[in-house]
Amino acid sequence: MLVNYDDLTKTVAALTEGETDEIALMATLACELHHADDRFDWTGFYRVTEPELLKIGPYQGGHGCLVIPFARGVCGAAARLNAVQLVDDVEAFPGHIACSSATRSEIVLPVRNGAGAVIGVLDIDSNQPAAFTQEDATRLAALLDAVFGRL
Ligand code: SME
C-alpha cells in the first residue's frame, strides 16, 4: 500500500482543525502517516528543545534514540541545514544513527512554524532501500506546512 497524499492531506486537515498544540499535531500526523504506507517502518518527530539539540517527540514504530545533537545523523543534518534529507542508503550516509539495523533508507524534513523557524524534524525510516522519492519530499513538505504553519 502506497500513501494517497490527497486523501491523507484531507484527513489530517479534518482531524487537526483548530488545534494548535504542537505535540497533539505531531502525534496525530505520526499516526496517520505511519499507517498509510507500507514503506514507513518508523515514523516520527524530533523536537528542537534547546539550541542545536533534538529530542524525541511523538512516533510510531520501535523505540528511537532520545537525543540527537544537530551535528549528528540524518535528523541533525535536516535541522542544521534546514533542508530535506533524502537518503537512499543509510550505510552510505556519514554519521547515520542506526536505531534499527533493519533500516535501509530514510527521509527527514525540517518542521517549520508560521514564522519559518525550525521547531523539529519529521523522520520516516524504511526497511526497503531507496524507498523515498522527490514526490514524497514535495508532498510531505506541503503537509507539514499546512499543519505547522499555523503555529
Ligand atoms: N535516522 C535517524 C535516527 C533514527 S531514529 O532515532 C529513529 C538519523 O540518523 O538521524
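## Salt bridges and cores in a predicted model

Reader: Which residue forms a salt bridge with D6, and how far apart are the closest N and O atoms?

Author: In this predicted model, D6 pairs with R139 in a salt bridge. The closest N and O atoms of D6 and R139 are 2.7 Å apart.

Reader: Which helices hold D6 and R139, and how many residues apart are they?

Author: Here the bridge links distant parts of the chain. D6 belongs to helix α1 and R139 to helix α4, a spacing of 133 residues.

Reader: Is D6 buried, exposed or partly exposed?

Author: The relative accessible area of D6 is 44%. Buried would need a value under 20% and exposed one over 50%, so D6, at 44%, is partly exposed.

Reader: How many salt bridges does the structure hold, and which residues are linked in a network of them?

Author: The structure holds four salt bridges. In one of them the side chains of R39 and D37 meet at 2.7 Å, N to O. R39 also forms a salt bridge with D136, where the closest N and O atoms are 2.8 Å apart. The count is four, and the network links D37, R39 and D136.

Reader: Why does the pair of R39 and D136 tie together parts of the chain, and how many residues apart in sequence are those parts?

Author: R39 sits in the loop between α2 and β1 (42-50), while D136 is in helix α4. The pair therefore ties together parts that are 97 residues apart in sequence.

Reader: Do D37, R39 and D136 count as buried or exposed?

Author: The cut-off for buried is under 20% relative accessible area. R39 has 10%, D37 has 2% and D136 has 3%. With these values R39, D37 and D136 count as buried.

Reader: Now to the nonpolar side: which element gives the most to the largest nonpolar core?

Author: That core has 26 residues, and those with the most contacts inside it are L29, F45, L122 and F148. Elements giving two or more residues to this core include α1 (5-16), α2 (22-34) and β6 (118-126). The most comes from α4, with six residues.

Reader: Which residues is F148 in contact with, leaving aside its neighbours within four places in sequence?

Author: F148 is among the residues with the most contacts inside the largest nonpolar core. Beyond its sequence neighbours, F148 is in contact with E22, L25, M26, L29, F45, V111, R112, N113, G114 and I119.

Reader: How many residues are in the second, separate core?

Author: This core includes L54, I56, V74 and V87. Its size is 17 residues.

Key. Residues numbered from 1 in each chain as written. Predicted model: local features only at pLDDT ≥ 70, side-chain atom pairs only at ≥ 80, totals over all residues. Heavy atoms only, no water. Core = buried A, V, L, I, M, F, W, Y, C linked by side-chain atoms within 4.5 Å. Buried < 20%, exposed > 50% of the residue type's maximum accessible area, 1.4 Å probe, protein only. Helix = DSSP H or I, 4+ residues; strand = E, 2+ residues; numbered from the N terminus. Contact = heavy atoms within 4.5 Å.
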